[in-house]
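Here are my notes on the model you sent over. Have the structure open while you read them.

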Protein chains: 2
Amino acid sequence: MARPARVSPDEILNAAAREFADRGFAGARVDRIARRAAVNKAMLYYHFKSKQQLYRTLLRRMFTLAAERLNAIARADASPAVKIDRVIAGFATIIQEHPVFPAIMLREVAEGGAHLDRPTLAALASVPRLVAAIVEEGVASGAFRAIHPVFAYFSLLAPLVFYLAGTPIRKEISSLHLINLRALSAADFVRAMQQATRRSFAPDPPARAAR
Amino acid sequence: MARPARVSPDEILNAAAREFADRGFAGARVDRIARRAAVNKAMLYYHFKSKQQLYRTLLRRMFTLAAERLNAIARADASPAVKIDRVIAGFATIIQEHPVFPAIMLREVAEGGAHLDRPTLAALASVPRLVAAIVEEGVASGAFRAIHPVFAYFSLLAPLVFYLAGTPIRKEISSLHLINLRALSAADFVRAMQQATRRSFAPDPPARAAR
DNA sequence: GTCTATACTTCGATAGAC
DNA sequence: GTCTATCGAAGTATAGAC
């Protein structure tokens, strides 16, 4: 008694994610999302009341997923430095599992959150809050020097997102021979981020016989 | 014999910069650009043959300006570490002089350079090339540890752009009381970036009596 | 739940007078 | 160089049959 194959809203959301990542909210075409999901437009509007609501649902999911991963890292029994290593690797893992995330994040930052409602913004806000909690824990315990949690958040997340979202443009620039740069894989980039952050967050060695 | 006040293409470009920053290429409306520049649409099309050409002209200017500033820094007589401090401050200065830049950069990275032609991409590519030259100089002289130039470029630029472009969404999140974070001015952020980068790039102290 | 056809709107771009 | 008026294309969303 197999149920007839039903088009799940999930397939629409996946198609929407690719379209919004490629073209942004304004550039995304509802027709194209429907075609990518192998659904007709009316079906899409049956599951989601508008392009905007589809977008909000998608972003709320993204942010919630990231917050759940970060929450697991923050609650684990590990030193702040190890947690920060895991945060960096965790962001990279999420992005590799969902290659559309960086472009969507970049665009939404540029939009100033214009298409987001309160619950979506709340889901978004929990991401920096969790990172800040780890940083503050490390600063309080002396594992880190005095780092501003907001600075920590941006210096951790931004290079990863920028680098990974920038892969297409980097490929284009290098295929036009406009610049010749040594290869740098995503895994290399993560390791470089971890090394740089460990050095950047480390407390100063106490001045010899201070005071 | 004052010339009659003529609408300069520059005013159209300034209006276009704000519109493209606020809404992206796809979301930008030619009518709105014209209205913002106090010009009618036909006038705009008299100076620029299409929305795309207007966009390309704008971005080529942006990248060229940034490359010129970086070039002056790279050629100066200073240590690599000081040059990197100046690169960070220089990016921040350019952004403060042109507050529309971050959003446009974020969007263009997300677009994968889709709207750019070869000369515009060439202007863009010279920015990471100049940063890479400074980093490679520092690595070669022993002033820096072995830093990958591409990693250096992204870890310098991305946090600044992300942080400054994210100001509107940060204000919205904090005005909704979704998160309560200590203030962090742009100048503070620049100083934090400089400190973090100096620590991150510094060479390892030689192991005591190694070998 | 699923589809076709279409109403209504808005946009990029141009024609043509001055 | 500058303007008004408008065209044709393309977009979001819905009506209504099945």
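**Notes on the helix packing and the chain contact**

1. Let's start inside one chain. Helix α5 (residues 80–97) of chain A packs on helix α7 (residues 118–141) of chain A at about 155 degrees, with the axes 9 Å apart. Axes here are lines fitted to C-alpha atoms, for helices over the stretch in contact, and angles run from 0 to 180 degrees between N-to-C directions. That makes α5(A) roughly antiparallel to α7(A) (under 35 degrees counts as roughly parallel, over 145 as roughly antiparallel, 65 to 115 as roughly perpendicular, the rest as oblique).

2. Who touches whom in that pair? On the α5(A) side the contact uses P80(A), K83(A), I84(A), V87(A) and F91(A), and α7(A) brings V127(A), V131(A), I134(A), V135(A), E137(A), G138(A) and S141(A); contact means heavy atoms within 4.5 Å. By class, that gives 8 nonpolar, 2 polar and 2 charged residues (Ala, Val, Leu, Ile, Met, Phe, Trp, Tyr, Cys and Pro are nonpolar, Asp, Glu, Lys and Arg charged, the others, Gly among them, polar).

3. A word on provenance: this is a predicted model, where local features need pLDDT of at least 70 and side-chain atom pairs count only at pLDDT 80 or more, while totals for chains, interfaces and linings use all residues. Residues are numbered from 1 along each chain as written, chains are lettered from A and ligands numbered from 1 in the order written, and side-chain values use heavy atoms, without hydrogens and water.

4. Chain A as a whole has 10 helices and 0 strands (DSSP runs numbered from the N terminus: helices are H or I, at least four residues; strands are E, at least two). Its C-alpha atoms fill a box of roughly 75 × 45 × 40 Å along the principal axes.

5. Now the two chains. Chain B superposes on chain A by a rotation of 180 degrees with 0.0 Å of shift along the axis, RMSD 0.0 Å (least squares on C-alpha atoms of residues with pLDDT of at least 70 in both). That is the relation of a two-fold axis. The same surface serves both copies, as 100% of chain B's contact residues recur in chain A.

6. How much area is buried between chain B and chain A? About 5,200 Å², with carbon and sulfur atoms giving 72%; this is the accessible area (1.4 Å probe) that two parts lose on being put together, summed over both. In chain B, F151(B), F162(B) and R199(B) lose the most area to chain A, together 14% of what that side buries.

7. Last, helix α6 (residues 101–111) of chain A meets helix α6 (residues 101–111) of chain B, with axes coming within 8 Å and crossing at roughly 155 degrees. The two are therefore roughly antiparallel to each other. The residues of the contact of α6(A) with α6(B) divide into 8 nonpolar, no polar and 4 charged.
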